[in-house]
Each structure stands twice: as structure tokens, then as C-alpha cells.
Amino acid sequence: MTIDTNQLVKELLKGNRRAAARLMTLAESMSPEAHAAIKQLYPHTGSAHIIGVTGPPGSGKSTLVDKIIKEYRDQGKTVGVVAVDPSSPFTGGALLGDRIRMSRFSTDPGVFIRSMGSRGSLGGLAWATYDIVHILDALGKDIIIVETVGAGQAEVNIIQIAETIVLLSIPGLGDDIQTIKAGVMEIGDIFAINKADLDGADRRYAELEMALGLDRTSDGWEHPIIKVIATTGEGVEELVKAIQQHHEYLVTSGKIKQNQERRFCAQLETIVEHSFMRKLFVDPEERKLFQKLVQEVCERKTDPYTAAERLILQLIQPQDT
Amino acid sequence: MTESERKIRVLVAKPGLDGHDRGAKVVARALRDAGFEVIYTGLRQTPEQVAEAALQEDVDVIGLSILSGAHMRLFPEIMKLLKEKGIDDVLVIAGGIIPEEDIKPLKKMGIKAIFGPGTPTTEIVEYIRKKIR
């Protein structure tokens, strides 16, 4: 089947949701057509505010996203959502269940929701999440919300995509030591405590306040801590206000530029890394060399570093092996 | 695109007002274990919600699960909406409580297979694999 990507991009820019969905599938399969399409639609991106929502499994991310969509829709803004759930490391299969919480917006033409399996990517996102965000941006969505897989301590790749990150926590997950550990605790621009009606919410608030107290305003942005109850929507208005204030802060302080550099640097690195890996593992010739080197390392004829150098050299300056 | 990178995406949808989703969840889980990406919509979806979710998720397969008895009313509506949205290349299958005499008319309207109670999940997996590859 040949796919006319030019036509798809043209349709996408006219607002065609089916074309958008098709392009997303191409992007997920990392096909060269998809990359060609991203090249074409890239000039039409850059106007959306990209929000990341991350937090532990079961903390209420999807339910909260549903309420955030509602707030923005009430303001007349259009919203795109990318919701990532984990793929099986064994079968590659996935159960994508984030839509369930947002199904009231299924038929709202101002909202586009796409579910993704993480497909072997660690870090809380899928490789193609960047591309899906670009596609939603080109589709003209004002707000794009990226929901990560349930994040523990180290899934921080959302900083490579989102301008504003909402880190969700819930009462009862460990003590104050957990809140001063490195990793995911460092990436939040806004801290939300969901299920704030449960015991321990005040304690959680105090722990976060303590943890943040040390450098809460070090970069000129006072990281707010907001209690919410996602199921009822309590506190969500305040949360969305904080998200919008963070965006204003990025723009007025000029921090948006740093923010962009951080994001695009990471994206470029990922693309380059992937192009290399792809060449190595898809191209049969390179694959042969790779396997030969693995054998040589096994037999102690060479070491892993020398083998890696030879592979890289081969990719840059291909020669007969 | 290379075969290995093409993932089969399946929407498992529960149209209608019954709240019995155990079957849908068992099937969703089996399809997951078969290596498919399964998008579960949750309960009580309108035909419009099902069709739009299929569009946005760009699925290869839609599996409809229904136990309320309203299939002869809801399924034609879903098929009509899919057609209106230009989704003509998706495999639609169904399961649940569907009487024998309804199977023929349902197949006529484009629902390719109907899997009743007791169907081994492997049969559904094999069917999808055969049709989609």
C-alpha cells in the first residue's frame, strides 16, 4: 500500500482528524513517510502550550486530565491529548485504558485524544510521542496534554516534551525521605496532591512544602502545591490557573527559550540516536557486522569498546567487511 | 514500513447500557497478550463515541461487546457512522449475547464475525491475525 503523505499533511492542515490519526499511526511505526510528513508540517507547529501530567500509577492522572480538558473547553480552547500506557516487555502488547476517563470528550470536535503504547521506551513516554505532539500542534490544538505512563522515581522524559509539568502525588506514598530523593521529584513545575480527601493529604502537603522550601523560588517561579480531588473536580480550577500562570511566567521571564532549548536538544539527541540504532539493527549488512562483533567479544578476541568503535566507524564511513 | 513495526491496534468497545464488561476485559487482556495494542473505551458508549474513538485511535479492528440485547439497534448505527467518517477499512467483530437469528443480518451489514459465549480467546486472536496481516 502506498501512502500519499503529501495529501495527508494537506488534509491535516485543513483540520481533518482522520488524516491526523493516520499520520500518528505512521509516526508510531517510525516509517520514513512519517518523517517526511513531520518535515512538511513542522513549520505549522509551535503555537500550542504543551502540558505534561505525570505521577504514580493509579494516582488519577487520566481522571485529572479529563477535568483539565473541561476547564480549557469552558474557556473556548481546543485540546489535544496524548496518553501513554506501558507496552509489555514480553509480547509488545498493551492495554490502553486512559480514554475511559475522558470518554465524555470523545465526540467533542474541539478535543482529540490519542492513546499510545510505550513500545519499549523507558522514561515514561514512547519514542513517537514527540511526533504525535507535533501532529496535534499542526492540527491547531491550543493546548496539548501529554500524560505519561505511571511514573515512579526515574521516568523523567516528559521534560523533553512539556513546557509545564504537573507532578501528581497522592497521600500515603512513603515518607518525607521520598520527597527529597532525586529524579521525578525535581521535574515538577506544579505539584498537585490528588485524592486530597483521604487521610494523609495534609501530611503530604507539609512534606512537599518542606522538600520544596529549600529552593522553591530559586528560578523565579514559586512552585505551587495544589490539593485536588480529580473525581469531583475540586481544586482543578486553581490548578489550571497555576498552569496558565506558569506559561505566562515562562514567556515574560524569557525562560521559554531555555525551556525550548532543553526540549529540542533532547529531541534531536533522540532522533540521532534512533537513526543510528535503526541503521544498526534494520540494515542486514550492518546487522551482520554487529553479530560478528558480538561473537568476537564473546570469544575475547576483542572488547566491547573496540567493537563499538568499529560499529560507529562503519556507520560513518561504510566499507566492505 | 517493516512488518515488525506494524502493531495491530484494536478498539474494544461496550456500546449500550448494560454494565457487564467482564467478557470485554477478558478479551482485551487476551488480545494484549497476543501482542496487540488494545484500546478499551469503558462502559456505556454511544455509537458516536465508538466511531469517533475508532477514528482518533486509527484502529485496525473494532470489537463490540454487548449483552443488553440492543445490538440490532446499536450496531447498524455504528456501521453507518463509520461509513460516514470514511472508515471503510476496519475489521468489525462482535461478541456477547447475540441470538442465532441475528447473526445473518449483522454479517450482512458488515460485521465480519460474531464470537458467542464460550469462544476460546485464541480463536479470536487467530481470526484477527489471519484477517489483518
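In chain A, the axes of H2(A) and helix H5 (residues 129–138) come within 9 Å and cross at roughly 160 degrees. That makes H2(A) roughly antiparallel to H5(A), a label for angles over 145 degrees; under 35 counts as roughly parallel, 65 to 115 as roughly perpendicular and the rest as oblique. Axes are lines fitted to C-alpha atoms, for helices over the stretch in contact, and angles run from 0 to 180 degrees between N-to-C directions.

This is a predicted model: local features need pLDDT of at least 70, side-chain atom pairs count only at pLDDT 80 or more, and totals for chains, interfaces and linings use all residues. Residues are numbered from 1 along each chain as its sequence is written, while chains are lettered from A and ligands numbered from 1 in the order in which they are written.

**Helix packing**

- H2(A) passes H5(A) in a right-handed crossing; right-handed means that the near helix is turned clockwise from the far one by less than a right angle, left-handed anticlockwise.
- On the H2(A) side, Ala20(A), Leu23(A), Met24(A) and Ala27(A) meet Asp131(A), Ile132(A) and Ile135(A) of H5(A). Contact here means C-beta atoms, placed from the backbone, within 7 Å.
- The residues of this contact divide into 6 nonpolar, no polar and 1 charged. Ala, Val, Leu, Ile, Met, Phe, Trp, Tyr, Cys and Pro count as nonpolar, Asp, Glu, Lys and Arg as charged, and the others, Gly among them, as polar.
- In chain B, the axes of helix H2 (residues 47–57) and helix H3 (residues 71–84) come within 9 Å and cross at roughly 40 degrees. H2(B) and H3(B) are therefore oblique to each other. Their crossing is right-handed.
- Pro47(B), Glu48(B), Val50(B), Ala51(B) and Ala54(B) of H2(B) meet Leu74(B), Glu77(B), Ile78(B), Leu81(B) and Leu82(B) of H3(B). That contact has 8 nonpolar, no polar and 2 charged residues.

**Contact between the chains**

- Chain A and chain B each give 28 residues to the contact.
- On the side of chain A, the elements giving two or more residues are helix H2 (17–28), strand S3 (94–96) and strand S4 (111–117). Helices (H or I, at least four residues) and strands (E, at least two) are DSSP runs, numbered from the N terminus.
- H2(A) gives the most to this side, with 6 residues.
- By class, the side of chain A has 10 nonpolar, 13 polar and 5 charged residues.

- An open sheet of 6 strands has the order S3(A)-S2(B)-S1(B)-S3(B)-S4(B)-S5(B), with parallel pairing. Two strands pair if DSSP finds at least two bridges between them.
- S3(A) and strand S5 (113–115) of chain B stand at the edges, each with a single partner strand, so one side of each is left without a neighbour in the sheet.
- Neighbouring strands are turned by 20 degrees against each other on average, direction ignored.
- S3(A) pairs with strand S2 (residues 37–40) of chain B in the parallel sense over 3 bridges. Leu95(A) has Val38(B) as its bridge partner, and Ala94(A) stands opposite Glu37(B).

**The sheet of chain A**

- In chain A, 7 strands form an open sheet in the order S4-S2-S5-S1-S6-S7-S8, with parallel pairing.
- S4 and strand S8 (225–227) are the edge strands, and each pairs on one side only. The twist averages 20 degrees from one strand to the next.
- Strand S6 (residues 164–169) and strand S7 (residues 190–193) of chain A pair in the parallel sense over 4 bridges. Leu167(A) has Phe191(A) as its bridge partner in S7(A).

**Domains of chain A**

- Chain A is divided into domain 1 (1–44), domain 2 (45–253) and domain 3 (267–316); the bounds come from an automatic or database domain assignment.
- The C-alpha centres of domain 1 and domain 3 of chain A lie 31 Å apart.

Technical notes: Two residues are in contact if their C-beta atoms, placed from the backbone, lie within 7 Å.
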